[in-house]
Amino acid sequence: MIDRDLLRKAAAAGPDKVVRHLSRADWLGAAVEIFVQEGVESVRITRLADALSVTRGSFYWHFRDRDDLLDGLINFWAEKNTAAMLAAIENKPSLLEGILGIFDAWLDPERFDPRLDEAMRDWARRSERVRKVVAEADETRVKAIESLFLRFGYKSPDAFIRARSLYFTQLGYYAVRLDEPLASRLQYLEAYYETFTGVPLDPEVAAAYRRKHGVA
């Protein structure tokens with residue numbers, strides 16, 4: 001579930017220290033796992049040292065302090081989830097490919113990790129700084145979807161409202177933790193697509209998309 005390349009990229013944003021035994025990315029990876037399972041309050045240096053079976057002192061070869069580590073968590077979240085959405089839309093030659101590309105990203109936790117997004121939003125409820133970071137990410141994501149609609153002939157504010165409807169519907173799935181099998185969700189693919197775009201989805205395209213995700 002943890003993307004090692006993204007961990008190294010997020011970790012690289014910190015100070016360049018001598019590596020001893022574990023890398024900065026190792027510490028950050030352990031922090032991400034605790035963060036998504038238990039929340040930011042559990043991301044403590046002693047807890048991480050115990051999880052990694054090293055001394056607390058070795059933490060400071062890689063991070064200035066706990067705040068430096070928490071900044072790494074934010075960097076990792078942005079590099080993973082926001083970047084996954086932007087990549088899903090970028091340079092798509094049609095609205096269809098763009099919308100289905102977004103769906104693909106949301107259906108693949110290796111690309112867009114809903115646990116990580118939920119943990120960030122929980123943290124944002126208790127931190128004004130993080131609330132602003134999350135709000136900026138939401139704005140960036142919605143604008144990216146809006147730009148997709150604008151590129152393919154939708155006008156303002158219609159493109160903006162469609163983008164918000166699509167994006168916040170997905171966030172609602174995460175917020176209420178709707179336990180819906182993939183087959184059930186994809187059963188409504190045509191209705192979702194037409195609701196979000198105002199354009200019917202070709203039944204053959206819908207069937208091919210279901211097969212792609214292992215749903216007959």
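Tyr-60 is partly exposed, because its relative accessibility is 34%. Buried means under 20% relative accessible area, exposed over 50%, and partly exposed in between (1.4 Å probe, protein chains only). Phe-59 is buried, with a relative accessible area of 0%. Phe-59 and Tyr-60 form an edge-to-face aromatic pair, 5.1 Å centre to centre with 85° between the planes.

The model is predicted: local features need pLDDT of at least 70, side-chain atom pairs count only at pLDDT 80 or more, and totals for chains, interfaces and linings use all residues. Residues are numbered from 1 along each chain as its sequence is written, and side-chain values use heavy atoms, leaving out hydrogens and water.

## Aromatic pairs

The whole structure holds 8 aromatic pairs. One of them joins Trp-27 and Phe-59: the ring centres are 5.4 Å apart and the planes meet at 80°, so this pair is edge-to-face. Rings of Phe, Tyr and Trp (its six-membered ring) pair if their centres lie within 6.5 Å; planes under 30 degrees apart are stacked, over 60 edge-to-face, and the rest tilted.

The Trp-27 and Phe-59 pair links distant parts of the chain, 32 residues apart. Trp-27 sits in helix α2 (residues 24–38), and Phe-59 in the loop between α3 (45–52) and α4 (66–89). Helices (H or I, at least four residues) are DSSP runs, numbered from the N terminus. Trp-27 is buried, at 0% relative accessibility. Trp-27, Phe-59, Tyr-60 and Phe-63 form one aromatic cluster.

## A charge over a ring

The charged end of Arg-185 sits over the ring of Tyr-173, 3.7 Å from its centre. The rule asks for NZ of Lys or CZ of Arg within 6 Å of the ring centre and within 35 degrees of the ring normal.

## The cavity

How many cavities of 30 Å³ or more does the search find? The search finds 1. A cavity is a set of points on a 1 Å grid over the protein atoms alone, where a 1.4 Å probe fits but cannot get out. The largest cavity has a volume of about 180 Å³, counted as the space filled by probe spheres set on the points.

The lining has 13 residues; Phe-103, Trp-106, Gln-170, Arg-185 and Tyr-192 lie nearest the centre. Lining residues have an atom within 4 Å of a point. α8 gives the largest share, 4 residues.

How values were computed. Helix = DSSP H or I, 4+ residues; strand = E, 2+ residues; numbered from the N terminus. 1 Å grid on protein atoms, 1.4 Å probe; cavity = no way out; pocket = protein on both sides within 12 Å on 5 of 7 lines; lining within 4 Å.
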